[in-house]
Amino acid sequence: MSERVSKSLKNAEVNLIFYFLALFLAFFSRKIFLECLGAEFIGLNGTLSNILGYLNLAELGIGGSIGYLLYKPLQQKNKAEISEILSVFGYLYNWIGGIILGAGIVISFFFPFIFGNTQLGLGIVYFSFYSILGSSLIGYFINYRQILLSADQKNYLVAIYSQSANLAKILLQIYFAYNYKNLYLWVAVEFIFGIIGCIILNWKINKEYPWLKTHKTKGRALLMKYPSILTYTRQIFIHKIKDFLIYKSDELFIFLFVSLKMVAFYGNYTIITTKVGQLFTSILGSMEASIGNLVAEGNKQNIMRVFWEITTIRHFVAGFLCFSIYHFMEPFISLWLGAEYILSREILILLVLSIYIGTSRGSVDMFNATHGLFADTWTAWLELFLTIVITLIGGYLWGIAGILLNKVITTTLIGLLWKPYYLFHSGLHLSYSTYWKGASRNFIVSIISFAVAHALLEMFDSTPQNYMQLFYIATIGVLIYLAINLTLIYLFCKGAKDFYMRILSILHIKK
């Protein structure tokens, strides 16, 4: 088993462990915090975090450009170049941190108008905001070097230390909330653990890279040596701001064209799809640094073999998610909240299509990023324009279904048709038809698997009356789908046999 595969597995395993720990603690802690601190304070904390999220837009692009530029010097073990790139990163992050701090102070002047009606008092509003702001600024002024761990396929270290500190923080907040019900104490713990996590992570970085010497004061001069940093930053920024505006606007458009009540109904669906999606993202996302290392190595045959492996994995995950969500999300919502919270079947179908396209295209997006292919900024403007036009028309005519129709159309045009062409033409330098000769098999296999498993599942009484019946039916349905899908994947999809042999090799080595 290569070092690259070993690191990817370790990243996936650690991310998976912390995903389940954080998921359990999130549901448990939220109940305690709501009961002991009050819904108004939890709402305030969420609102302030969202405000900070908009301020953090100033960063979009820099982290992605630095991560890409680190792959090659890491593969070549060029320590001097790594130190210089991180010095530039530190210099740029100093500026971004300063901008966010200034913007945060200006916004806080308006808090008496924004939060004037809160029963909590402006004291806790300011204390919470500046604590959250301070925790965020630590990452800009001090903790910027952690990007090296991610680019060096050691993101598991970031997860272990930062997530461990986060879990300890939540446990301590639960204790203080339950016993003292003091809002200031809860916020203070949030800020203190931000500092503790930073100190621990920097200690680990110094231990992993004792040779690393960064000088933020030299960053401005070094920026002239690496002009591609600003080029890539501008390109990535446009793509990221487009993603932010598109994927954060669903609730707003539903509110404008339908109702505030439907925002909550749709939110029940997205809570489930987001949590399930995060489970697979925590595994699949851990591969990007390893792919960056592979691309920097330059072995075309290995690059293509891994591309088809990941493409097949992505389509398998996309098909599995869509089959499960289509068949079992409505029964779950009916048992969880009540049948009145079920939305129309058209909305479910469009949601499933959007999830399939968005998940399956991940391999192409990942290889575009690791090849540094960000120059197609025109597609971001086109996607944003199409989103506005189609959403305005579709939302007015068909409500939520029209808003989701926009996602299907734009992701098909840009993500499904253009992005693979861009990768194969400008990155891999292969014929576009090469992609569709391989990828079309994945699409056909997913469609056949879904159709056959759906027909077989229809033979059962698939209307569960309780959670145990739902679990039983879901288990049968998933096993049927997996048996069909995995068989067809192995027989027809490119990269499947390579991935199968890789799994056997890993299991053999671990045994």
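Predicted model: local features only at pLDDT ≥ 70, side-chain atom pairs only at ≥ 80, totals over all residues.

The largest cavity is lined by I246, Y247, E383, N406, K407, T410 and T411; a cavity here is a set of points on a 1 Å grid over the protein atoms alone where a 1.4 Å probe fits but cannot get out, and lining residues have an atom within 4 Å of a point. Two or more of these lining residues come from each of α11 (228–247) and α19 (400–427), where helices are DSSP runs (H or I, at least four residues) numbered from the N terminus. With four residues, α19 gives the most to this lining.

Residues are numbered from 1 along each chain as its sequence is written, and side-chain values use heavy atoms, with hydrogens and water left out.

How much space lies in the largest cavity? It is about 40 Å³, a volume being the space filled by probe spheres set on the grid points, which are joined across faces, edges and corners.

Turning to α11, this helix also holds Q235, which is buried at a relative accessible area of 16% (buried means under 20%, with a 1.4 Å probe and protein chains only). Apart from neighbours within four places in sequence, Q235 is in contact with F374, A375 and T377, contact meaning heavy atoms within 4.5 Å.

Finally, in helix α12 (residues 250–257), the buried residues are D250, F253 and I254. Seen down the axis of α12, they fall within an arc of 100°, so they line one face of the helix; the arc is that of the directions from the helix axis to the C-beta atoms.

Conventions
1 Å grid on protein atoms, 1.4 Å probe; cavity = no way out; pocket = protein on both sides within 12 Å on 5 of 7 lines; lining within 4 Å. Buried < 20%, exposed > 50% of the residue type's maximum accessible area, 1.4 Å probe, protein only.
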